[in-house]
Amino acid sequence: MKYQALKGMMDILPDQVWKWQFVESVSRNIFNRFNFQEIRTPILESLPLFQRSIGEETDIVQKEMFQFKDRGDRDVVMRPEVTASVVRAFVEHQLKDGKLYYIGASFRAERPQAGRFRQFHQVGAELIGGKNPEDDVLLLKVLTALLAGLGLRRYQLKINSVGCQTTCRPEYRKVLKEYLKQKHAHLCENCQRRIETNIIRIFDCKVEGCQKAIEGAPRVLDHLCKPCEEHFAKVKELLDHEKDIPYQIEPRIVRGLDYYNRTVFEVSHDALGAQNAVGGGGRYDTLVGELGGSKDIGACGFACGMERLLMALDSEEGFKTEESAQRLRCGLIYLCVLGGNPELKTAARKIQGQLRGADFRVEELAAEDKPLKKHLEIANRLHALFVLILGEDEFREGTVSVKDMNSGTQEKIKLDAIETYLKGRLVSR
RNA sequence: GUGAGCGUAGCUCAACCUGGUCAGAGCACUAGAUUGUGGAUCUAGGGGUUGCGGGUUCAAUUCCCGUCGCUCACCCCA
């Protein structure tokens, strides 16, 4: 094969695209209910934006970004996530309303695997403006409403607090490091290295020995400073008032981006393979200030991976194949003329235009004459719902034969009544 | 970046381990079963330099090496 899509870049083909459209339209609908507004930001951004926001030392910035020099010798990157862009736009345009959502592509140059692509798509929301626990909870309400709207059932929502960058986290890191140094011998090679590089990630290790060592490890939650502890307590309290947010405290979840503080959460689904997070997010109170806005403006947000949502929905059989067929079948009209009489063709074109004008979906009239048998074969392959047949007989009578491809029944309809007839048949379905 | 598995018709796969008969099957496709009625069935048919390159051998889809690609896992994350 001479040309193919780049590694980790997927074509979304017509027989799958309706699923994407479904997720997109449900998302827009849910966000709308909560009065979040859509924002669209560029895919290309400046390198420093992400160095500053995600963190210079993170894997994303160090080795996963598509980055290059543009023709003006400027360092640009394909966005590896969109939160930083949204905050940038918020600050740049001094937006007043910070309830924003987005649907779009991001890029990371990782090795692809199940549920992980180099171009991936996220639907996410940001709530920029406040530092109140109520905001954390609002965001979780939107997130769970979205998942419910999509019909996703078997997911787990895990929440945690990672404290603040200034007080709790440095303190906690110290304590954890002390503890793990004692357990050094029981840890896998990877984790021994992680003690220095990314200590908090040790909690994610799947090696049995490490799991044992971690069991007794000090937890972030026990090392929160007073304000952070109060914030988290309030979040839990508010969440408990919401009946339909089934969450669990999971002290081991941590986020890979530096900007998170306090509340963090993750939605996982076990039908996904190794990459089992369908979504995640949390609070990032320092980011607005970091990117040049007011230091008093806090924020929180979440993002769900579209392809992971789709995988999860597929595994729960959220998409019926019938539904897909129905969408294809959704009201397609196939129009054909019989015989070579040019007058019939002209008449048919007129009907075709009229029906399209009335908002029907009409397959373009075939260029060549074919026997009826052929026309029906084609119509069947296209999943047409109705075939309109215009032959000499019909033409003389000023009618057209309408064949219902589901039932196989057929009746002659007067030309001037065709629109209302079809409308009636389509609505009744 | 590291490791493992896999590349055979448009698609899903068989034959490879134990080198050697024309590399097969299902689905799809094309044409017919008499000319204004589809989906089903039947009949016939087209289609593969076995990813690419090299090596071993009288002989390679089959064994070995390289390369490219895909997949999964590590890592990381949505």
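Taken over C-alpha atoms, the centres of domain 1 and domain 2 lie 48 Å apart. In chain A, domain 1 covers 14-167 + 225-315 and domain 2 covers 322-427, with bounds from an automatic or database domain assignment. Before we go on, note that this is a predicted model, in which local features need pLDDT of at least 70, side-chain atom pairs count only at pLDDT 80 or more, and totals for chains, interfaces and linings use all residues. Residues are numbered from 1 along each chain as its sequence is written, while chains are lettered from A and ligands numbered from 1 in the order in which they are written.

Let's look inside. In general, nonpolar side chains tend to be buried together in soluble globular proteins.

L309 also belongs to the buried set of helix α11, along with M306, E307, R308, L310, A312 and L313. Seven of the 10 residues in this helix (residues 306-315) are buried, meaning that 20 or more other C-beta atoms lie within 10 Å of their own, with C-beta atoms placed from the backbone. They pack against α1 (14-33), β6 (119-128), α5, β10 (277-283) and β11 (299-305). After α11 comes E317, with a positive phi near 55 degrees.

Next, a sheet. Five strands form an open sheet with mixed pairing, in the order β13-β12-β14-β15-β16. β13 (361-362) and β16 (410-414) stand at the edges with a single partner strand each, so one side of each has no neighbour in the sheet. Strands β14 (residues 386-390) and β15 (residues 399-404) pair in the antiparallel sense over four bridges; pairing requires that DSSP finds at least two bridges between the strands.

Finally, the RNA. There are 55 residues around RNA strand B, and G256, G305, L376, G391 and G408 come nearest; a residue is near if its C-beta atom, placed from the backbone, lies within 6 Å of the strand. Helix α14 (residues 372-381) supplies the largest share of this surface, five residues. The surface divides into 18 nonpolar, 17 polar and 20 charged residues.

Technical notes:
Helices (H or I, at least four residues) and strands (E, at least two) are DSSP runs, numbered from the N terminus. Ala, Val, Leu, Ile, Met, Phe, Trp, Tyr, Cys and Pro count as nonpolar, Asp, Glu, Lys and Arg as charged, and the others, Gly among them, as polar. A residue is buried if 20 or more other C-beta atoms lie within 10 Å of its own, exposed if 12 or fewer, and partly exposed in between; C-beta atoms are placed from the backbone. Two residues are in contact if their C-beta atoms, placed from the backbone, lie within 7 Å.
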